[in-house]
Amino acid sequence: MVGMEGTGCGALLRELQQIWIEVGESEGEKSKVLSEIESECLEVYRRKVDNANRTRVQLHQSVATKEAEVALLMATLGEHKLYLKKDKSYVSLREQLAVVTPVLDNLKCKKEERIKQYYDIQSQIEKIRSELSEPNDQGDNANSTTADEHDLSTRRLNSLQAQLRALQKDKSDRLQRVLEYVNEVHSLCGVLGIDFGKTVNGVHPSLHQNGVGQSRNISNSTLEGLASTISNLKAERKSRTDKMRDTMESLCQLWKIMDSSEEEKRQFSKVISILITPEEGITSSGVLSQETIEKMEAEVERLTELKTSRLKEIVLKRKTELEDICKNAHIEPDLSTAPEQTNTLIDSGTIHPSELLANIESQILKAKEESLSRKDIMDRINKWIAACDEEAWLEEYNQDSKRYSSGRGAHVNLKRAEKARILVTKIPAMVENLINRTFAWENARNKPFLYDGGRLVSVLEEYRLNRFQKEEEKRRYRDHKKLESILLAEKEVMFGSKPSPKRTTSMTRKANGYRSNGSSNGLMTPTPRRSSLGSATPELSTPRSHSSRYNRYFGDSRRLSVSQLNFGDDSLSTFTSVSGSEPESPSMG
């Protein structure tokens, strides 16, 4: 009790002792009361110590628990530098608890945020996987993507984000492919006239949904289904294109045979313009529809029935076309297809009109090919004929005594005469070149070049021979005129007289007309061969020399036939006699 004397308890003890003295309490009783007081004080101290001890234990447990939670959260979040423990020998438990508590609260907040991030990423991954997966696999995928809250590290978060980005790229690529496939299916369905909605619904119903928020299925089965659908549609397009081209070919042939009007063709103009393009370039809506094909087939059937009744008229028309081609090319047509014979054959039923028409078409094709191969020579023949015309005109022009007068058109004729003289000098070279080209043509094709039934080389060589004879006669005539001039000059010297102007004019006129003229010495001017037209110079058997003055070539039809040309007494009748009499002609074999 010594320690209590300086405290409030000591004052109370002294007051108690004073009371005992006044009361006269015995020492034993005093000792007993003091013992009881001391035991009660110890009991109070003990309770306080126990309470303090429990508090310390609780603080230890709280700090330990919080530190354990901090350690667990740090491991879960993958954080290693957020909380550093201090030396416990220098820091009280309450200070330690005050330090660890905010760290723990911060880690809990981070954990909640991290869990939210995880769930957001995993929900996106799950959604994309459900879009990419088959319908039967969606339950398995949902069970395999449960969030693991024991591993919320940034490493795993980055891994999930990378996985999400990969899935998003895959989804984007697949969406692009699905969109391309759907657009191609739409284009093909439009061309073929097929219901687009029904076609894509057969692959997956989501492909034809246009609602907001409705996603399209982009699984492998959908992509494979779209690819298979496109392949089938392309095969159908090719089949229909081939069918339509065959039908259009038949239709075009019938149009050509029937000479159909543009009004009848106009309804299929779109189809014609499409079918000449490549198959991949056909994009017009409905152009390959079944309705269009049936319409074309019906038109072919209608024209086929109509063709049978008009075939005779068509045969005659094509025959006329063949004759025009042969006439323009100066080729002898096949006599078996003459109108009289074709009508007899058709009426008697000996030959079907379609067979006869096919025969005429074949002849037209051959005639066109023959005409094309003869074009170069025919052009040169026309130039030669034009040159011969100019030569004939020049001869008539030279006989005109008034050609130098100042009348109307005189200067035009002078210019034409000058050009004609230049052109006439080129005729021999033209004939020579034409003969060489004709021989080359005959050698290349192993057959003679016939012009209206006669061999062209024979006519050209006959013309060349007659032209040479004409030039010789002209030369002899010039020599005679020169000799006559010399004789007249000698006569003037001997007799000192000049011929009268009247006699000179008469001589000149007769000389220019190639008429016989007797001289004073009894000389007779040679008389060259004259043409039936009375030209001023000896006649050449030119292409124009056997008809009228301005159209003297093979009659009215401009025929170039050896048998029709009258080259003096040496007329040529057939190709056989001509080829046998000409050493320069190639053997026709």
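User: Is Asp479 buried, partly exposed or exposed?
Analyst: The classes go by relative accessible area with a 1.4 Å probe and protein chains only: under 20% is buried, over 50% is exposed, and in between is partly exposed. Asp479 comes out at 40%, so the label is partly exposed.

User: Which residue forms a salt bridge with Asp479?
Analyst: Keep in mind that this is a predicted model: local features need pLDDT of at least 70, side-chain atom pairs need 80 or more, and totals for chains, interfaces and linings use all residues. Residues are numbered from 1 along each chain as its sequence is written, and side-chain values use heavy atoms, leaving out hydrogens and water. A salt bridge here is a side-chain nitrogen of Lys or Arg within 4 Å of a carboxyl oxygen of Asp or Glu. Asp479 has its closest N and O pair at 3.3 Å, and the partner is Arg475.

User: Where do Asp479 and Arg475 both lie?
Analyst: Helices are DSSP runs of H or I with at least four residues, strands are runs of E with at least two, and numbering goes from the N terminus. The two residues are 4 apart, about one turn, and Arg475 is partly exposed at 36%. Their element spans residues 456-495 and is helix 15.

User: Which residues do salt bridges with shared partners join into one network?
Analyst: Opposite charges can pair up when their charged atoms come close. In this network, the salt bridges share partners and join Glu391, Glu395, Arg467 and Lys470.

User: How many salt bridges does the structure hold?
Analyst: Arg174 and Asp170 supply one, at 3.2 Å between the closest N and O atoms; Arg174 is buried at 12%, while Asp170 is partly exposed at 30%. Lys30 and Glu27 supply another, at 3.8 Å, with Lys30 buried at 15% and Glu27 exposed at 56%. The structure's total is 27.

User: Why are Lys30 and Glu27 separated by about one helical turn?
Analyst: Both sit in helix 2, residues 27-77. They are about one turn apart because their spacing along that helix is 3 residues.

User: How many aromatic pairs turn up, and why does Trp393 with Tyr397 count as stacked?
Analyst: Rings of Phe, Tyr and Trp (its six-membered ring) pair when their centres lie within 6.5 Å; planes under 30 degrees apart are stacked, over 60 edge-to-face, and the rest tilted. A search of the whole structure gives 4 pairs. Trp393 and Tyr397 have ring centres 5.0 Å apart, and the pair is stacked because their planes sit at 15°.

User: Where in the protein do Trp393 and Tyr397 both lie?
Analyst: Trp393 is buried at 14%, and Tyr397 is buried at 7%. The two are 4 residues apart, about one turn, in the element covering residues 353-399, helix 12.

User: At what angle do the ring planes of Trp441 and Phe449 lie?
Analyst: Both residues are buried, and their ring centres are 4.9 Å apart. The pair is edge-to-face, so look for planes at 80°.

User: Which residue lies over the face of Phe449?
Analyst: A charge sits over a ring if NZ of Lys or CZ of Arg is within 6 Å of the ring centre and within 35 degrees of the ring normal. Lys295 does this over Phe268, at 5.8 Å. Over Phe449, at 4.1 Å from the ring centre, lies Arg374.

User: What share of the protein's residues counts as buried?
Analyst: The protein has 17 helices and 2 strands. Out of its 589 residues, the buried share is 34%.
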